[in-house]
Amino acid sequence: MTVVKILAVDDEPLILQSYLKILTSGAKDSTVRSLDALAKELLDGKPSKPSSSPWERTFAVTTVQQGEEALQAVSEAVAMGNPFAVVFIDMRMPPGIDGLETAKRMLMVDGNLEIVIVTAYSDRTRTELAEALGEARFLYIQKPFHPDELLQTAQSLSARWELAREQERLDRDKEIFARNMSHELRHPLQVVLGICDTLLSCEMEEAQRQQFIRDIHSEAQRLAELVEKLRMINQLDSEPSLEMQAVELKELTERVVRLLKPEAKKKHLQLTCEAPEDIPLVRGDESSLMQILINLVVNAIHYTETGSVCIRLTPKEHRVLVEVQDTGVGVAASEQKAIFRKFYRVPKQALKVRGHGLGLSIVQDLLQGHGSTIAVESNLGQGSCFFFDLFIA
Ligand code: ADP
């Protein structure tokens, strides 16, 4: 459940009270479901997942009586990095500036705001408002408003606002990724070109020539890995094609442990698998399950300096719980949602590790195809446990 900030501006204290009542208690009273859930149901043709509350978000509502106060509240929110999403503005608010002027100035301070003009009078036409604010920049609702109309407007506009912010985050992460990638591609290329120049222009001993060739080989290998990463990004944008079958999860896990043991050994880490003898077959796509485990275990090794990494399998009713536990640097609570985003990397993490923020989003996509999802429990400085479950075949 997310909390979205809403600002209500009206010179009438009673109306401000009704905003507060409807928007902050509406979730409990109303039988109207969120527009998101309804839209999903209509588009997918199946009912959306039931949740403990029919609402995906709650509102933190601020109320003010004058346009000038509203402008100040918006500026302060922007300055504190915690902006409003939706503003409901009355049109006439004597003695101060009117709703249209307030909206115009607000958009100059925060161009992302979703504006709703609420008025009992038709003293400004819709066309006039559209000319002043931009066609897609505002909604227009009539007073007296119906509580459900107000609540649904708030829900759908905050969903649109959140979606736009999510897109902005993705664009930002993508930009950082592109910058890092071009830097990383340039470096091995420069090394290879430099060595080739030396090989071509100087006489040298055979042993030294061999060393240069080995250097070219290792740099070329790095380039190949980067190209593989780029290929994975394209894969991320298309639906993974999964061949579901009954998979020997224990055998697969032991294979991953064998494969990555040398990697763990290099850092003096213990890599183990804990599982009872009778782990049932699970339903899944074998190569995807392999990739999921590899991504999680490679991360666990990368982000752990001392101690151990353990893959644990536990049968639970119709599923098998898979946990990848490490004794590494851990992930702060505030980062535990973001790390599953494409291209996201925790800034200034205790251990410097090369990476592109793709591994976990690939895991998440692949698990989605298995009707499952990845989650993490972690304490900073103490380690992390990434876990998911799979259906028994
Ligand atoms: P990458 O590791 O290439 O950056 P991932 O998508 O695999 O990309 O991981 C995203 C971020 O999550 C990492 O940059 C790291 O900050 C954090 N992370 C992932 N696994 C772990 C772990 N086991 N311990 C601590 N942090 C982790």
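This is a predicted model: local features need pLDDT of at least 70, side-chain atom pairs count only at pLDDT 80 or more; totals for chains, interfaces and linings use all residues.
**S10 and S12**

I started at strand S10 (residues 319–326), which is joined to strand S12 (residues 383–391) by seven bridges, the two running antiparallel. Strands here are DSSP runs of E of at least two residues, helices are runs of H or I of at least four, and both are numbered from the N terminus.

Residues are numbered from 1 along each chain as its sequence is written, and side-chain values use heavy atoms, with hydrogens and water left out.

**The mixed sheet**

Next I traced the sheet around that pair. Five strands form an open sheet with mixed pairing, in the order S7-S9-S10-S12-S11; two strands pair if DSSP finds at least two bridges between them. At the edges I found S7 (270–274) and S11 (375–379), each pairing on one side only. Neighbouring strands are turned by 15° against each other on average, direction ignored. Angles run from 0 to 180 degrees between N-to-C directions, and axes are lines fitted to C-alpha atoms, for helices over the stretch in contact.

Helix H8 (residues 249–266) packs on this sheet, touching S7, S9 (308–316), S10 and S12, and its direction makes about 175° with that of S7. Contact means heavy atoms within 4.5 Å.

I then followed H8 to H9 (residues 286–302): they pack at about 35° with axes 10 Å apart. By class I get 12 nonpolar, one polar and three charged residues in the contact. Ala, Val, Leu, Ile, Met, Phe, Trp, Tyr, Cys and Pro count as nonpolar, Asp, Glu, Lys and Arg as charged, and the others, Gly among them, as polar.

How do H9 and H10 cross, left-handed or right-handed? H9 passes H10 in a left-handed crossing. The axes of H9 and H10 (residues 359–368) come within 9 Å and cross at roughly 150°. That makes the two roughly antiparallel, the term for angles over 145 degrees; under 35 is roughly parallel, 65 to 115 roughly perpendicular and the rest oblique. This contact has seven nonpolar, five polar and no charged residues.

**The parallel sheet**

I moved to the other end of the numbering. A second open sheet of five strands has parallel pairing and the order S2-S1-S3-S4-S5. Its edge strands are S2 (57–64) and S5 (138–142). Strand S4 (residues 114–119) has five bridges to S5, running parallel, and isoleucine 115 has phenylalanine 138 in S5 as its bridge partner.

Helix H6 (residues 147–201) lies across S1, S2, S3, S4 and S5, at about 105° to S2. H5 lies across S4 and S5, at about 150° to S5.

**Confidence**

Last, I checked pLDDT, the predictor's confidence in each residue from 0 to 100. The chain mean is 86, with 89% of residues at 70 or more. Confidence is lowest in H2 (residues 35–44), at a mean of 44, and highest in S10, at 98. Over residues 27–54 the pLDDT is below 50.

Terms used: A crossing is left-handed if the near helix is turned anticlockwise from the far one by less than a right angle, and right-handed if clockwise.
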